[in-house]
Amino acid sequence: MLVNLEINRKNLKKNLEKIRSINKNLICVIKDNAYGLGIENIFPILLENSCNYFAVAYIEEAVKIHEILKNLKKEKKLGILENKKIKIMTLNYIEPKNLKYAIGNDIELTIFNFSQLSDYLKILDKSFENTALKIHIKVNSGMNRLGFNESEILELIEVIKKYEKNHKNNKLEIISIFSHVSNAENQIETEKQVKKYENILKIFDENNMKYQYKHLQASPLLFKYREKYNYDFARVGMALYGMEPLSYDVGLLDVITVKSQIINIRSVKKNDKISYGSKGIVNRDSKIGIMSVGYAHGFQKQIENSEEAYVLVNGKKAKIVGEICMDMIFVDLTDIENVKVNDEVVIVGSQKNIENEIAEKITLRQVAKWAGTIQDDVLTKFSVIKKQ
């Protein structure tokens, strides 16, 4: 394949070690197919490094994890986790029809509104006896996306008390109460959210609600305030994959490299046009390389609007010129010597300069800046690329 995404297992492990130096109790977020990198690629690496608690978005991802576990057990590759329980929580909405699978396979579901809870309880009343659904209660501390408001907590407690584990109905077991901070770098807003979260926890505690864990940290909060908001767990996704969670670098290592190759080289005259439309007018006689990557592979079309965007060829910066096509882009090779068809091109990652052995690097943060978006968006867009 002419576009490849490579995963650096050692760097992922080092990022994991850095995260654990702040909070050793982790829920590893591998939602949305491990941010596009493939659960089948990332999950085994995390298992090898003693991770046993995972967060996914949808039930289908939990099914995929169970399939991987079955194969690993069959091949006797579970290693030190052979006798350790693997826990899975879902973060998004799970359709009621999937409750049977969730209960039968010990998957923990996030509950975030009364409508969802009511739908689940109807099924539990109708179809399950002496079986508890394990739930994480999401509370809204200020992000206003998912979660129960503080004003709804007493009503929620009243409903749950009729169904909690060890009650005669024995339908619900609360694993955790958790929330999500919307802007960790805004200290005032973060402290407001933390206070609201702790006020909600206090209501649960004062009403003798039994739950096992509290967790608020995601990657930004963890690195901004370190141990201050550890609680019981940190839910970590982006930092695992080498995406810097704050506006400044915290020293995470790159986990992915995206590569392509030059498939054609053309000599064009000053004022010639390249690619679609009229954007790509060269202002000098130029050597233009065509690469086999485009927006169909996740290389976002908005990048063509950046004057700074480039790729690496022979360890040198080759500026992107003209409009980005579905599966090709154009780069200026005029000032780069000894370039040939089939030469490797780095889109994200490092490449050594063949003249001085000094490595140039393109980070996900840079690509996100060029595209006018965020790192997560860039990474997940690369999901169609073959992983190596």
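In the predicted model, Ile177 has Lys214 of strand E8 as its bridge partner. Strand E7, residues 172-178, and strand E8, residues 213-217, run parallel and are joined by three bridges. Strands of a sheet pair through backbone hydrogen bonds, in either a parallel or an antiparallel manner.

Both strands belong to an open sheet of eight strands, in which the pairing is parallel and the order is E4-E3-E2-E9-E8-E7-E6-E5. The edges of the sheet are formed by strand E4 (87-90) and strand E5 (109-111), each of which pairs on one side only. From one strand to the next, the twist averages 30 degrees. Helix H6, comprising residues 114-127, packs on the sheet and touches E5, strand E6 (133-138) and E7. The direction of H6 makes about 125 degrees with that of E5.

A further packing arrangement involves two helices. Two packed helices are described by the angle between their axes and by the distance between the axes. For helix H3 (residues 39-48) and helix H4 (residues 59-74), the axes come within 11 Å and cross at roughly 60 degrees. Because of this angle, H3 is oblique to H4. The crossing of H3 and H4 is right-handed. On the side of H3, the contact is made by Ile39, Glu40, Phe43, Pro44 and Leu47, while H4 contributes Glu61, Lys64, Ile65, Ile68, Leu69 and Leu72. Of the residues in the contact of H3 with H4, eight are nonpolar and three are charged, whereas none is polar.

Methods. Residues are numbered from 1 along each chain as its sequence is written. This is a predicted model: local features need pLDDT of at least 70, side-chain atom pairs count only at pLDDT 80 or more; totals for chains, interfaces and linings use all residues. Side-chain values use heavy atoms; hydrogens and water are left out. Two strands pair if DSSP finds at least two bridges between them. Helices (H or I, at least four residues) and strands (E, at least two) are DSSP runs, numbered from the N terminus. Axes are lines fitted to C-alpha atoms, for helices over the stretch in contact, and angles run from 0 to 180 degrees between N-to-C directions. Contact means heavy atoms within 4.5 Å. Angles under 35 degrees count as roughly parallel, over 145 as roughly antiparallel, 65 to 115 as roughly perpendicular and the rest as oblique. A crossing is left-handed if the near helix is turned anticlockwise from the far one by less than a right angle, and right-handed if clockwise. Ala, Val, Leu, Ile, Met, Phe, Trp, Tyr, Cys and Pro count as nonpolar, Asp, Glu, Lys and Arg as charged, and the others, Gly among them, as polar.
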